[in-house]
Amino acid sequence: KNQRLVLTVTWNRKINFSRHSGYSEDTPKFNLNLIIKRSDGTVIFAESDSNNNLKKVDMLLPADDTYTINITNPGINKSRYYGLAFELI
């Protein structure tokens, strides 16, 4: 209880180059959804912003409990890598 969770998830976006149009992001955009739940299934954090390839969480955990961090890829491209770092303070 009252431990601070600091979490960061990030991934690369694929960039294409064309002599005619310059640089553009590969479509569809690769995105990850981040959800943090308590053991009873209550969602305490959720983010699915597709315009950002960096998700940050800095929150106090509300109770002594087991928490689950779910990262899902809602898109069709399943072969991308991501980085996750977290710390309990």
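Predicted model: local features only at pLDDT ≥ 70, side-chain atom pairs only at ≥ 80, totals over all residues.
Start with the charged side chains. The structure holds three salt bridges. One of them joins arginine 4 and aspartate 58, with 2.6 Å between the closest N and O atoms. Arginine 4 sits in strand 1 (residues 4–10) and aspartate 58 in strand 6 (residues 54–60), so this contact ties together parts that are 54 residues apart in sequence. Arginine 4 is partly exposed, at a relative accessible area of 33%.

Next comes arginine 13. The side chain of arginine 13 meets that of glutamate 25 in a salt bridge, at 3.0 Å from N to O. Here a loop is linked to a strand: arginine 13 lies in the loop between strand 1 and strand 2 (15–18), glutamate 25 in strand 3 (residues 22–25). The two residues are 12 apart in the chain. How accessible is arginine 13, and does that make it buried or exposed? The relative accessibility of arginine 13 is 16%, so it counts as buried, because the cut-off for buried is under 20%.

The remaining bridge pairs aspartate 65 with arginine 38, and the closest N and O atoms are 3.0 Å apart. Both ends of this bridge are in loops. Aspartate 65 belongs to the loop between strand 6 and strand 7 (68–72). Arginine 38 belongs to the loop between strand 4 (33–37) and strand 5 (43–47). The bridge thus links distant parts of the chain, 27 residues apart. Aspartate 65 is partly exposed at 27% relative accessibility, and arginine 38 is partly exposed at 25%.

Now turn to the rings. A pair of aromatic rings is described by the distance of the centres and the angle of the planes. The count comes to two aromatic pairs. Tryptophan 11 and phenylalanine 30 have ring centres 6.1 Å apart and planes at 85°, so they form an edge-to-face pair. Tryptophan 11 is in the loop between strand 1 and strand 2, and phenylalanine 30 is in the loop between strand 3 and strand 4. They are 19 residues apart. Are tryptophan 11 and phenylalanine 30 buried or exposed? Both are buried.

The other pair is phenylalanine 17 with tyrosine 23. The ring centres of phenylalanine 17 and tyrosine 23 are 4.8 Å apart and their planes stand at 50°, so this pair is tilted. Phenylalanine 17 is exposed, with a relative accessible area of 56%. Tyrosine 23 also counts as exposed, at 65% relative accessibility.

Definitions and conventions. Residues numbered from 1 in each chain as written. Heavy atoms only, no water. Salt bridge = Lys/Arg side-chain N within 4 Å of Asp/Glu carboxyl O. Helix = DSSP H or I, 4+ residues; strand = E, 2+ residues; numbered from the N terminus. Buried < 20%, exposed > 50% of the residue type's maximum accessible area, 1.4 Å probe, protein only. Phe/Tyr/Trp six-rings, centres within 6.5 Å; stacked < 30°, edge-to-face > 60°.
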